[in-house]
Amino acid sequence: MTDLPDRLVELLEHAVRASDPEVALHALTALRRELDAFERVQAWRALDAGSSYGAVARALGITRQAAHRRYRELD
């Protein structure tokens, strides 16, 4: 199986190079899913390492409340 960085690059390249817009949209949907999962892992890692919800929120450009709602089950 392809490792995550390669998979993300592959999906992005597929979306950018697709001549068919529906193929590009499918690739973008898959890329978004992979990025969302990667973001959750990184948020968990940050929280597990002692970062606050505020710090995670600032890194993501969202409010502390939004970060808490999004990641509270990771605690």
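Val9 lies in helix α1, and at 45% relative accessibility this residue counts as partly exposed. The structure is a predicted model.

- Val9 and Leu31 are 22 residues apart along the chain, and their C-alpha atoms are separated by 8.9 Å.

**Packing of α1 against α2**
- Helix α1 spans residues 4-17 and helix α2 spans residues 21-48.
- The axes of these two helices come within 8 Å and cross at roughly 155 degrees.
- Angles over 145 degrees count as roughly antiparallel, and α1 and α2 are therefore roughly antiparallel to each other.
- The crossing of α1 and α2 is left-handed.
- On the α1 side, the contact involves Leu4, Arg7, Leu8, Leu11, Leu12, His14 and Ala15.
- On the α2 side, the residues that meet them are Val23, Ala24, Ala27, Leu28, Ala30, Leu31, Glu34, Leu35 and Phe38.
- Sorted by class, the contact of α1 with α2 comprises 13 nonpolar, 1 polar and 2 charged residues.

**Length and burial of α2**
- Helix α2 has 28 residues and reaches 40 Å from its first C-alpha to its last, close to the 40 Å expected at 1.5 Å a residue.
- The buried residues of α2 are Ala24, Ala27, Ala30, Leu31, Ala43 and Leu47.
- The cover over these buried residues includes α1, α3 (53-60) and α4 (64-71).

**Packing of α3 against α4**
- Helices α3 and α4 pack at an angle of about 105 degrees, with their axes 8 Å apart.
- Angles of 65 to 115 degrees count as roughly perpendicular, and α3 and α4 are therefore roughly perpendicular to each other.
- The contact is made by Tyr53, Gly54, Val56, Ala57 and Leu60 of α3 together with Arg64, Ala67, His68, Arg70 and Tyr71 of α4.
- By class, this contact of α3 with α4 has 6 nonpolar, 2 polar and 2 charged residues.

**Ile62 in the loop between α3 and α4**
- Ile62 lies in the loop between α3 and α4, and it counts as partly exposed at 24% relative accessibility.
- Leaving aside neighbours within four places in sequence, Ile62 is in contact with Ala57, Ala67 and Arg70.
- Ile62 and Asp3 are 59 residues apart along the chain, with a C-alpha separation of 28 Å.

- Arg70 lies in helix α4 and counts as partly exposed, at 36% relative accessibility.
- Not counting residues up to four places away in sequence, Arg70 touches Glu39, Arg40, Leu60 and Ile62.
- The C-alpha atoms of Arg70 and Gly54, 16 residues apart along the chain, lie 12 Å from each other.
- His68 is also found in helix α4, where it is partly exposed with a relative accessible area of 33%.
- His68 and Val56 are 12 residues apart in sequence and 9.2 Å apart in space, C-alpha to C-alpha.
- His68 of α4 and Val56 of α3 both belong to the set of residues that make the contact between these helices.

Note on methods:
Residues numbered from 1 in each chain as written. Predicted model: local features only at pLDDT ≥ 70, side-chain atom pairs only at ≥ 80, totals over all residues. Heavy atoms only, no water. Axes fitted to C-alpha atoms, helices over the stretch in contact; angles between N-to-C directions. Helix = DSSP H or I, 4+ residues; strand = E, 2+ residues; numbered from the N terminus. Parallel < 35°, antiparallel > 145°, perpendicular 65-115°, else oblique. Left-handed = near helix turned anticlockwise from the far one by under 90°. Contact = heavy atoms within 4.5 Å. Nonpolar A, V, L, I, M, F, W, Y, C, P; charged D, E, K, R; others polar. Expected span 1.5 Å × (residues − 1). Buried < 20%, exposed > 50% of the residue type's maximum accessible area, 1.4 Å probe, protein only.
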